[in-house]
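Me: I am new to this structure and would like to go through it in short questions. Please show it first.

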Amino acid sequence: MPKLKPTLRQLRVFESVADELSFTRASEKLHLSQPAVSIQVKQLEEGVGLPLFEHAGKKISLTEAGWILYRCSQTIRNVLEGAGEQIDELQGLQRGKLDITVATTASYFASRILAGFASRFPQIAISLDVTNREGLLQQLELNQCDLVIMGEPPKGKRLTSVPIMENPLVIIASTDHPLAGRRKIPVKELGKQGFVFREAGSGTRAAILRFLEEKGVSIQINMEMTSNEAIKQTVQAGMGLGIVSRHTVELELETGSLVELDVAHFPLKRFWYLVRRSDKQLSPVAQRFASFVLDSENYRSTND
Ligand code: PGA
């Protein structure tokens, strides 16, 4: 039994001959020589195992097999054109999906960025996952997301990262805390205080502990919690001091429900990074999101 395995080129030539009912006109239309057109049709006929054209003098017409292949060829062309249009739409960002994961602490500003992106590209489905630094690194390792927003990623993990924004860490206290309102508090004084801290796996926690270790200060952790909101409530209730990103307490500092302590070396200077796997082929949507985030800033990219 003959094997029908036409190439797209053969089908294009065949369709053209069938449309023109002339090898000469088809070859002119396709800018090919007439023998080249004849060879393509002959190869196709060999594959079909039947003639595709009937010759009556100089006139040609489609055989029954020719009609079957002609209709089939049109369907294939329509399907491919449809796929091309969809891909164009995708590149024009008319549709698509964006999978973003952000650090728990980054969710405070990331949702604003996503809202801006969503209003500009309303057809794009956005999925936002929020987890701590450890969870983010695991997602990157397993290639489960397009891009993440997190604190500085560790070296040697084959990640590409771009700093996008400052992330100042501040010490917060209830308004009636004895240290509230004091100026230039030495960092050593923190050793006498109880703290409400983020959970193990949090990037904020790791950065603070690194800093305190460098300064030789050991603190007392009264409570641990996975949510910045819970930390704020607990600090407000007078259960200890908190160290959080200033992004998470803007409103409370403005309304005066919490105070920022004036401690030496604080705010600790950190940065938020836009991070992806170095080997990740970003979709057009993810690429557009990355430039949307970076648009306003001219930051340097770091690869490892
Ligand atoms: P986290 O995030 O403390 O919410 O884990 C910050 C970071 O990645 O540094």
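Me: How do the residues of the shell around the ligand divide into nonpolar, polar and charged?
Reply: This is a predicted model. The residues around the ligand include Ala103, Trp272, Thr104, Ser202, Arg133 and Arg270. The shell divides into 2 nonpolar, 7 polar and 3 charged.

Me: How much of the area that the ligand exposes when taken alone does the protein bury?
Reply: The ligand sits in the largest cavity. Taken alone, the ligand exposes 280 Å². The share of that area buried by the protein is 100%.

Me: Where is Pro267 found?
Reply: The peptide bond that runs from Phe266 to Pro267 is cis, with omega near 0°. Most peptide bonds are trans. Strand S11 covers 259–260 and strand S12 covers 271–277. Pro267 is in the loop between S11 and S12.

Me: Is His265 buried, partly exposed or exposed?
Reply: His265 lies in the loop between S11 and S12. Its phi is positive, about 75°, although His265 is not a glycine. Buried means under 20% relative accessible area and exposed means over 50%. The relative accessible area of His265 is 48%, so His265 is partly exposed.

Me: What is the relative accessible area of Asn143?
Reply: Asn143 is placed in the loop between helix H6 (133–141) and strand S5 (147–150). Although it is not a glycine, Asn143 has a positive phi of about 55°. Most residues other than glycine have a negative phi. Asn143 is partly exposed, and its relative accessible area is 38%.

Me: How far apart in space are Gln10 and Ser73, C-alpha to C-alpha?
Reply: Gln10 is part of helix H1, residues 8–20. Gln10 counts as buried because its relative accessibility is 10%, and the cut-off for buried is under 20%. Along the sequence, Gln10 and Ser73 are 63 residues apart. In space, C-alpha to C-alpha, the two are separated by 9.9 Å.

Me: Is Gln281 buried or exposed?
Reply: Gln281 lies in the loop between S12 and helix H10 (284–294). Gln281 and Val293 are 12 residues apart in sequence and 18 Å apart in space, C-alpha to C-alpha. A relative accessible area over 50% means exposed. Gln281 has 70%, so it is exposed.

Me: Which residue's backbone oxygen does the side chain of Ser119 reach at 3.0 Å?
Reply: Ser119 is in helix H5, residues 107–120. Ser119 is exposed, with a relative accessible area of 59%. The C-alpha atoms of Ser119 and Glu229 are separated by 27 Å, and these residues are 110 apart along the chain. The backbone oxygen that the side chain of Ser119 reaches at 3.0 Å belongs to Gly116.

Technical notes: Residues numbered from 1 in each chain as written. Predicted model: local features only at pLDDT ≥ 70, side-chain atom pairs only at ≥ 80, totals over all residues. Heavy atoms only, no water. Near = heavy atom within 4 Å. Areas by Shrake-Rupley, 256 points an atom, 1.4 Å probe, with all protein chains shown as cover. 1 Å grid on protein atoms, 1.4 Å probe; cavity = no way out; pocket = protein on both sides within 12 Å on 5 of 7 lines; lining within 4 Å. Sits in = over half its atoms within 2 Å of the grid points. Nonpolar A, V, L, I, M, F, W, Y, C, P; charged D, E, K, R; others polar. Helix = DSSP H or I, 4+ residues; strand = E, 2+ residues; numbered from the N terminus. Buried < 20%, exposed > 50% of the residue type's maximum accessible area, 1.4 Å probe, protein only. Polar contact = N/O pair within 3.5 Å; in protein donor to acceptor, adjacent residues only side chain to side chain.
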